[in-house]
Amino acid sequence: MKIALTGFFNSGKTTIFNALTNQKVETSLYPTPADKVHKGILQVEDFRLRKISELVKPKKTTFVQIECLDTAGLIRDNPSHNTKIIKEIMDADALIYILRGFEDLSVPYQFNTIDPQRDFNELEYEFIMIDLELIIKRIERMAEQRKKGQKINEKEMEVLEFLKEQLESGQPLRKTQLKEEQITQIRHLNFITLKPAFGVINVDEKSFNEKKFKDIDFLTICGILESEIMQLPEEEISSFLNAMGIDEPISKKIIKRAYEILDYISFFTILNQEVRAWSIKKGTKALQAAGKIHSDIQRGFIRAEVLCYDDFISVSGDMNLAKQKGILRVEGKDYEVKDGDIITFRFKV
Ligand SMILES: Nc1nc2c(ncn2[C@@H]2O[C@H](COP(=O)(O)OP(=O)(O)OP(=O)(O)O)[C@@H](O)[C@H]2O)c(=O)[nH]1
Ligand SMILES: [Mg+2]
């Protein structure tokens with residue numbers, strides 16, 4: 001899973017990236033060069049995995065990891081700069097729009113006022129324009145091919161014509177209710193506005209304490225403060241956060257939102273002395289979940305032995321006892337994996 005921080009320049013992306021990933025990347029008052037990207041890893045904390053690990057006592061416990069990209073800031077009316085940035089966020093699964101919420105005249109900004117909702121709309125607009133340009137080019141090329149008598153994918157063309165109208169009316173593509181088969185036709189074009197996205201306002205301490213943006217449905221984060229707290233010894237972090245009125249660290253809030261908008265759930269495996277969490281899209285079947293672990297397990301799939309988390313705890317992780325009690329379920333390849341399932345895949349290669 002990969003998420004990318006994006007937004008206008010000097011909105012505080014790198015500051016928030018530092019707070020998220022506990023790094024010390026230098027921030028600056030000047031626009032970051034368009035091709036510069038910082039990368040970090042977020043570990044998806046999960047109390048259930050910790051509990052399973054306590055019971056099983058494996059050699060290794062592996063949490064889900066999310067790759068996080070901090071990209072350069074967009075600049076209005078600078079398409080050549082922005083296009084380079086778009087290349088960097090192209091393969092992200094979800095976008096996080098970092099919106100400037102702090103007032104500080106010594107940090108230049110491209111707008112005269114601080115207005116996170118406006119910035120969100122402006123970013124959407126930039127991305128809509130980029131997708132629209134891509135669609136227009138694609139339609140033109142396909143129409144030319146058709147004119148020359150070449151066979152084109154008419155189904156794709158149909159979807160593109162529909163999406164073009166959506167974009168022209170100012171709608172990001174994620175708001176269109178496309179069917180899975182329609183998405184399949186246009187997936188290769190990797191539209192920016194089809195990616196799930198959410199907004200995070202980067203505020204200063206004063207605005208944070210005054211809950212200045214509480215009426216807008218974005219996460220509100222005090223980037224500088226949290227990045228400083230993350231530098232403290234681990235055991236002091238949560239008491240410092242609490243003292244500042246912050247209920248959980250930014251990484252937890254962002255991961256939670258990312259799971260929600262991507263519609264992801266987690267399941268667990270216990271294999272070869274390793275307890276491990278995996279993320280998958282809600283609705284994924286056992287066969288595809290097996291493939292996430294290894295293509296051999298998918299190819300040689302026989303069955304999935306499934307225990308839900310609460311049942312696992314009720315037998316203190318004793319699989320034999322679970323079997324005796326009849327709570328260990330045997331499921332086939334079409335079983336829809338549920339959040340918190342502990343799965344043992346049986347397979348033959
Ligand atoms: N006063 C104040 N300054 C902040 C705050 N958050 C970030 N800054 C400053 O704003 C400047 C830009 O911050 P960055 O985190 O580098 O912003 P960015 O969005 O990554 O900028 P680009 O990479 O150029 O797009 C730095 O000087 C930060 O110290 C804040 O809450 N209050
Ligand atoms: Mg930056």
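I began with strands 1 and 5, which run parallel and are joined by four bridges. I take helices (H or I, at least four residues) and strands (E, at least two) as DSSP runs, numbered from the N terminus. Across this pairing, Leu 5 stands opposite Ile 96 in strand 5.

I note that this is a predicted model, in which local features need pLDDT of at least 70, side-chain atom pairs count only at pLDDT 80 or more, and totals for chains, interfaces and linings use all residues. Residues are numbered from 1 along each chain as its sequence is written, with chains lettered from A and ligands numbered from 1 in the order in which they are written.

I then looked up the whole sheet: it is open, has six strands in the order 2-4-1-5-6-7, and its pairing is mixed. Two strands count as paired if DSSP finds at least two bridges between them. The edges are strand 2 (37-44) and strand 7 (219-221), each pairing on one side only.

**Strand 5**

I followed strand 5 (residues 94-100) to strand 6 (residues 197-202); the two pair in the parallel sense over six bridges. Ile 98 is opposite Val 200, and Tyr 97 has Gly 199 as its bridge partner.

I checked burial next, with buried meaning 20 or more other C-beta atoms within 10 Å of the residue's own, exposed 12 or fewer, partly exposed in between, and C-beta atoms placed from the backbone. Seven of the seven residues of strand 5 are buried, so the strand is largely enclosed by the rest of the structure. Ala 94, Ile 96, Ile 98 and Arg 100 lie on one side, and Leu 95, Tyr 97 and Leu 99 on the other.

**Helices 1 and 10**

I found helix 1 (residues 13-21) and helix 10 (residues 250-262) packed at about 95°, with axes 8 Å apart. Axes are lines fitted to C-alpha atoms, for helices over the stretch in contact, and angles run from 0 to 180 degrees between N-to-C directions. The two helices are therefore roughly perpendicular, a label for angles of 65 to 115 degrees. Ile 16, Ala 19 and Leu 20 of helix 1 meet Ile 250, Ser 251 and Ile 254 of helix 10, contact meaning C-beta atoms, placed from the backbone, within 7 Å.

**Ligand 1**

I counted 22 residues around ligand 1, the closest being Thr 14, Thr 15, Thr 27, Thr 32 and Gly 73; the criterion is a C-beta atom, placed from the backbone, within 6 Å. Helix 1 gives the most to this shell, with three residues.

Methods. Angles under 35 degrees count as roughly parallel, over 145 as roughly antiparallel, 65 to 115 as roughly perpendicular and the rest as oblique. Two residues are in contact if their C-beta atoms, placed from the backbone, lie within 7 Å.
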